[in-house]
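Reader: I would like to go through this model with you before I set anything up. Could we begin with the term that matters for accessibility?

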Amino acid sequence: IFQASSTPAATAAAREALHIIQNEPERIQRLWDITNYALEAFRNAGFEIGDTESPIIPLYVRDTEKTFTVTKLAFDEGIFINPVIPPACAPQDTLVRVALMATHTKEQIDYAVEKLTKCFKQLDIIK
């Protein structure tokens with residue numbers, strides 16, 4: 001049986017998330033502060049991220065096999081990233097996505113950039 005409606009738990013979670021957004025605008029500001037910090041850190045480390053201005057940061061790999069490999073290497077370093085491969089993107093545009101939350105710290109961002117730099121350099125994705 002196919003069901004297209006959301007579950008009661010998912011609906012309650014979404015409702016509570018909207019309540020938090022409306023009543024705690026400082027969380028949105030915190031998310032943008034940490035996002036801007038991360039964007040600058042990834043750019044300074046040599047990652048190709050395009051013109052993104054989002055808390056979901058693309059790190060271009062541009063090779064399907066390396067996309068899966070860097071995802072595994074990052075996981076082994078304690079970093080969870082999502083691979084994006086065809087048909088979700090063109091074969092030459094494969095990437096991984098770093099998803100940020102307002103609760104991430106600058107120290108966590110620094111750690112992630114350090115570990116992802118190591119993984120990307122190991123595969124010659126960045127220099």
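This is a predicted model: local features need pLDDT of at least 70, side-chain atom pairs count only at pLDDT 80 or more; totals for chains, interfaces and linings use all residues.

Reader: What is the phi of Arg-62?

Author: Phi of Arg-62 is near 65 degrees, which is a positive value in a residue other than glycine. Most residues other than glycine have a negative phi.

Reader: Where is Asp-124, and what is its phi?

Author: Asp-124 is in the segment after α4. Its phi is positive, about 55 degrees, although Asp-124 is not a glycine. With a relative accessible area of 53%, Asp-124 is exposed.

Reader: Turning to the peptide bonds, is the one from Pro-86 to Pro-87 cis or trans?

Author: The bond from Pro-86 to Pro-87 is cis, with omega near 10 degrees. Pro-87 is found in the loop between β2 and β3. As background, most peptide bonds are trans.

Reader: Let us move to the sheet. What is the order of its strands?

Author: The order is β1-β3-β2, in an open sheet of three strands with antiparallel pairing. β1 and β2 stand at the edges with a single partner strand each, so one side of each has no neighbour in the sheet. From one strand to the next, the twist averages 30 degrees.

Reader: How many bridges join β1 to β3, and how many join β2 to β3?

Author: Strand β1 (residues 56-60) and strand β3 (residues 95-99) are joined by five bridges. Strand β2 (residues 82-84) is joined to β3 by three bridges. Both pairs run antiparallel.

Reader: Which residues of β3 stand opposite Ile-57 and Pro-83?

Author: Ile-57 stands opposite Val-98, and Pro-83 stands opposite Val-96.

Reader: And what is the bridge partner of Asn-82 in β3?

Author: The bridge partner of Asn-82 is Arg-97. At 36% relative accessibility, Arg-97 counts as partly exposed.

Reader: What is Arg-97 in contact with, leaving aside its neighbours within four places in sequence?

Author: Arg-97 is in contact with Ile-56, Ile-57, Ile-81, Asn-82 and Val-84.

Reader: I also need a distance: how far is the C-alpha atom of Arg-97 from that of Leu-31?

Author: These two C-alpha atoms are separated by 16 Å, and the residues are 66 apart along the chain.

Reader: Now the helices. At what angle do the axes of α3 and α4 cross?

Author: The axes of helix α3 (residues 64-76) and helix α4 (residues 106-122) cross at roughly 140 degrees and come within 9 Å. The two helices are therefore oblique to each other, since only angles over 145 degrees would count as roughly antiparallel.

Reader: Is the crossing left-handed or right-handed?

Author: α3 passes α4 in a right-handed crossing.

Reader: Which residues meet there?

Author: From α3, Val-70, Leu-73 and Ala-74 meet Leu-116, Cys-119, Phe-120 and Gln-122 of α4. By class, this contact has six nonpolar residues, one polar residue and no charged residues.

Reader: Thank you, that covers my list.

Conventions. Residues are numbered from 1 along each chain as its sequence is written. Side-chain values use heavy atoms; hydrogens and water are left out. Axes are lines fitted to C-alpha atoms, for helices over the stretch in contact, and angles run from 0 to 180 degrees between N-to-C directions. Helices (H or I, at least four residues) and strands (E, at least two) are DSSP runs, numbered from the N terminus. Angles under 35 degrees count as roughly parallel, over 145 as roughly antiparallel, 65 to 115 as roughly perpendicular and the rest as oblique. A crossing is left-handed if the near helix is turned anticlockwise from the far one by less than a right angle, and right-handed if clockwise. Contact means heavy atoms within 4.5 Å. Ala, Val, Leu, Ile, Met, Phe, Trp, Tyr, Cys and Pro count as nonpolar, Asp, Glu, Lys and Arg as charged, and the others, Gly among them, as polar. Two strands pair if DSSP finds at least two bridges between them. Buried means under 20% relative accessible area, exposed over 50%, partly exposed in between (1.4 Å probe, protein chains only).
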